[in-house]
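Subject: Structure handover

Hello,

Here is the model you asked about. Please open it next to this email; my notes follow below.

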Amino acid sequence: MDDTRDLALRMLQGCVAGRTHQIARIVSAQYDAALKPYGLTANQLTLLCMTAVMQPVRPRDMLPYLKMEQSTLSRSLDRLVKNGWLKRDTDPEDSRSHRMALTSQGTTKLAEAQAGWGEAQAWADEAMGKQGIASFTKVARQLNPLMPEAE
């Protein structure tokens, strides 16, 4: 039994997946709490931002950047449409597809949420430090070079 415990302990201590999931849950909870007064989650804010950067955008064109399942993305975008923050139009190049864009309400929501996002960013700066965030960003870009960079 001690061998099993030692093996499990080594796996827990060294598991990159476990650590990244733990970090993701902690960070997401902070962002969700800071964005709650604005009626958004961190995931919804990310989708609003990606849409704003890429609009008009077909949902399938967002997938390589977001690394999400298509069904998860579709459900999430449907909620943003239902809230009036995104609009869905038929793609003029492919009538079987559609494109997403921010509505004026979505643009307003994004601007309002900046305060909550800033609060969460300040927490991250304090919790992870500038060097920690820079390292985190470097790894994220190595794993997904498609993610847009600041200009």
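The protein chain exposes about 10,400 Å², and carbon and sulfur atoms supply 54% of that area. Areas come from the Shrake-Rupley method with a 1.4 Å probe; for residues, only the protein chains shown count as cover.

Some ground rules. This is a predicted model: local features need pLDDT of at least 70 and side-chain atom pairs count only at pLDDT 80 or more, while totals for chains, interfaces and linings use all residues. Residues are numbered from 1 along each chain as its sequence is written, and side-chain values use heavy atoms, with hydrogens and water left out.

Overall layout. The chain has 6 helices and 2 strands, in the order α-α-α-α-α-β-β-α. These are DSSP runs numbered from the N terminus: helices are H or I with at least four residues, strands are E with at least two. The C-alpha atoms fill a box of roughly 60 × 35 × 30 Å along the principal axes. Of the 151 residues, 25% are buried. Buried means under 20% relative accessible area, exposed means over 50%, and partly exposed is in between (1.4 Å probe, protein chains only).

The core. The largest nonpolar core has 24 residues, and L47 and L73 have the most contacts inside it. Such a core is a set of buried Ala, Val, Leu, Ile, Met, Phe, Trp, Tyr and Cys residues joined through side-chain atoms within 4.5 Å. Helix 2 (16-35), helix 3 (42-54), helix 4 (59-66), helix 5 (70-82), strand 2 (94-102) and helix 6 (104-143) each give at least two residues to this core. Helix 3 supplies the largest share, 5 residues. Leaving aside residues up to four places away in sequence, L73 touches L47, P59, M62, L63, L66 and M68. Contact here means heavy atoms within 4.5 Å.

Cysteines. There are 0 disulfides, a disulfide being a pair of cysteine sulfur atoms within 2.5 Å. How exposed are C15 and C49? C15 is partly exposed, at 32% relative accessible area. C49 is also partly exposed, at 33%.

Two backbone points to check. Q55 and P56 are joined by a cis peptide bond, with omega about -10°. P56 sits in the loop between helix 3 and helix 4. K67 is not a glycine, yet its phi is positive, about 55°. K67 is in the loop between helix 4 and helix 5 and is exposed, with a relative accessible area of 59%.

Best wishes
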